[in-house]
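Here is a short briefing on one protein model.

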Amino acid sequence: MLNQNPSDSELLKTVLQPLLEDFKYWFTRSRSLLENEKISFLGGEQQSHLLERVKQAQQEVNTAHIMFKATGGQVGIDMATLMPWHQLVTECWKVAMRFRSEQANQQEQGI
């Protein structure tokens, strides 16, 4: 009987590779928003702090991705590392949604 269960390495490549790509994508988008827009509800210091956190997470994700590729997908990432990235992406999504909502409201009001 053939073993149809994927190996740990195959599973890592199937799950971790796209996850790292997603983190890279969302952190790039978040960084662009934070660098190019004044987000009134955040205030300058909060926006700057969030931007620095995004830059730090980008560096961490890039390092993890390089290690993952260099080992041929043999290295995983601890959940203790992934969770703060996930939480930061979620925080950035909330900021982006609110920013876009406020922009839409201002356009509707002709401001």
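Which residues form one aromatic cluster? Phe 23, Phe 27 and Trp 85 do. The model is predicted.

**Nonpolar core**
- The largest nonpolar core has 25 residues, and Leu 20, Phe 27, Ile 39 and Trp 85 touch the most other members.
- Helices α1, α2 (43-70) and α3 each supply at least two residues of this core.
- The largest share, eight residues, comes from α3.
- Not counting residues up to four places away in sequence, Phe 27 touches Val 54, Ala 57, Gln 58, Val 61, Trp 85, Leu 88 and Val 89.

**Aromatic pairs**
- The structure holds four aromatic pairs.
- Phe 23 and Phe 27 are stacked, because their ring centres are 6.0 Å apart and their planes lie at 15°.
- These two residues are four apart in helix α1, so about one helical turn separates them.
- Phe 23 and Phe 27 are both buried.
- Trp 26 and Trp 93 pair edge-to-face, because their planes lie at 85°, with ring centres 5.4 Å apart.
- This pair links distant parts of the chain: Trp 26 is in helix α1 and Trp 93 in helix α3, 67 residues apart.
- Trp 26 is partly exposed, at 28% relative accessible area, and Trp 93 is partly exposed at 37%.

**Largest pocket**
- The largest pocket has a volume of about 150 Å³.
- α1 (8-36) and α3 (79-108) are the elements that give two or more residues to its lining.
- Lining residues include Trp 26, Arg 29, Cys 92, Trp 93 and Arg 100.
- The lining divides into six nonpolar, two polar and two charged residues.

Technical notes
Residues are numbered from 1 along each chain as its sequence is written. This is a predicted model: local features need pLDDT of at least 70, side-chain atom pairs count only at pLDDT 80 or more; totals for chains, interfaces and linings use all residues. Side-chain values use heavy atoms; hydrogens and water are left out. On a 1 Å grid over the protein atoms alone, a cavity is a set of points where a 1.4 Å probe fits but cannot get out, and a pocket is an open set with protein on both sides within 12 Å along at least five of seven lines; lining residues have an atom within 4 Å of a point. Grid points are joined across faces, edges and corners, and a volume is the space filled by probe spheres set on the points. Ala, Val, Leu, Ile, Met, Phe, Trp, Tyr, Cys and Pro count as nonpolar, Asp, Glu, Lys and Arg as charged, and the others, Gly among them, as polar. A nonpolar core is a set of buried Ala, Val, Leu, Ile, Met, Phe, Trp, Tyr and Cys residues joined through side-chain atoms within 4.5 Å. Buried means under 20% relative accessible area, exposed over 50%, partly exposed in between (1.4 Å probe, protein chains only). Contact means heavy atoms within 4.5 Å. Rings of Phe, Tyr and Trp (its six-membered ring) pair if their centres lie within 6.5 Å; planes under 30 degrees apart count as stacked, over 60 as edge-to-face and the rest as tilted.
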